[in-house]
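Okay, thanks for coming, everyone. Let me put the model up and walk you through a few parts of it.

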Amino acid sequence: MQAWRRSGRLLDQSPAIAALKPQWPIFSSGVGCEFEQCRYGSTLSVKGAGNLVRKGTGGRSSVSGIVATVFGATGFLGRYVVQQLAKMGSQVLVPFRGSEDSHRHLKLMGDLGQIVPMKYNPRDENSIKAVMAKANVVVNLIGREYETRNFSFEEVNHHIAEHLAVIAKEHGGIARFIQVSCLGASTSSSSRMLRAKAAAEEAVLREFPEATIMKPATMIGTEDRILNTWAHFVKKWSFLPLVGDGSTKIQPVHVVDVAAAIMASLKDDGTSMGRTYELGGPEIFTVHQLAELMYDTIREWPRYVNVPVPIAKAFATPREFLLKKVPFPLPNPNIFNLDQIESLTVDTVVSEKALTFNDLGIIPHKLKGYPVEYLISYRKGGPAFGSTVSEKLRSSEL
């Protein structure tokens, strides 16, 4: 506090002035902390972040008390999680390892100074500790559905998650740890990615037993990697290859609902801590039915080529074989991804006894309508072009 001076005498040394001074806590790095509040000491309750809301009406200019480090914030799900956190007045630390432009779209989601980009290296322990130092919530969204020359399935989906959990536990002030996995993750899966995700779940709960595991199904949204990929392929080649006969059952979910589930777990009284939630949409589709929905939205006549599973694997195998044998990066797989072909050999739906959206108080959206409206951009004649297949059939009957 700046001292007041008059005639060369410090006025705040007088008993009357001293009694009026606000009693600011003495910040320190550990010395004398038994009687004074330490700057980095955590005042959080381990019963959940719902008790952290402190000031304001709950909008983006409020102070929720949450300081969240969101790993994978620049990805598909990340932007929706950051938006929901910033919307309630949380400070969001955004670790990034790529271009300085990779986080630009996130800066606009929060109030001034609330979105803090921090460059880091996921293989550097000190770098991870730096981006987690001031946080009281950690959300891990890191994951990838294909391998690259630099990062394997096991490292991205398992080892990094385990490392984050270890550092979060050592931190001592992390009240909540959210690990986002995949629906269908199992140690017995034929997919290496799903096996790695299952191993990550076990490792995170072993290192941080209070962690919450979220297992979303295939996510649908403006930046998704399934309907966008299909629509782009259809516009370029006029047909869509279906692995097998497209009869595999999936339970796609709107990405906004997954972000809402993460926020609901942060706001509860701690009931979600140490639990696993399977997040599937309200409807079960076959891959063929989901493709029909895509065709209906972009207003194109469906044209398919059924590719038997062995032939699809034959198309996808050369990239996997050459991935680390050639001195240059190979193109990322879109349609013929060997690991995804393996995962499509079994149905991926929410199990009967699993905790779901209902346990978090959320009603997920049906896919028809708003969740797939972004596909309108693929209509060759503009948003009002053409008519759906069902409309064409009705008109022909008349």
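Start with Ala68, which stands opposite Val92 in β4. That's where strand β3 (residues 67–71) and strand β4 (residues 91–96) pair in the parallel sense over 3 bridges; pairing here takes at least two DSSP bridges between two strands. Helices (H or I, at least four residues) and strands (E, at least two) are DSSP runs, numbered from the N terminus.

Before I go on: this is a predicted model, so local features need pLDDT of at least 70 and side-chain atom pairs count only at 80 or more, while totals for chains, interfaces and linings use all residues. Residues are numbered from 1 along each chain as its sequence is written, and side-chain values use heavy atoms, with hydrogens and water left out.

Now zoom out. Those strands belong to an open sheet of 7, ordered β5-β4-β3-β6-β7-β8-β13, with parallel pairing. Which strands stand at the edges? They're β5 (115–119) and β13 (276–279), each with a single partner strand, so one side of each has no neighbour in the sheet.

Next, helix α6, residues 192–207. Met193, Leu194 and Ala196 are among its buried residues, buried being under 20% relative accessible area with a 1.4 Å probe, protein chains only. The buried residues of α6 pack against α5, β7, β8 (212–216) and α11 (338–343), contact being heavy atoms within 4.5 Å.

Last one: His232, in helix α7 (residues 227–237). Buried or exposed? Exposed, at a relative accessible area of 52%, since the cut-off is over 50%. Its C-alpha is 7.7 Å from that of Tyr378, 146 residues apart along the chain.

Conventions. The expected span of a helix is 1.5 Å times one less than its number of residues.
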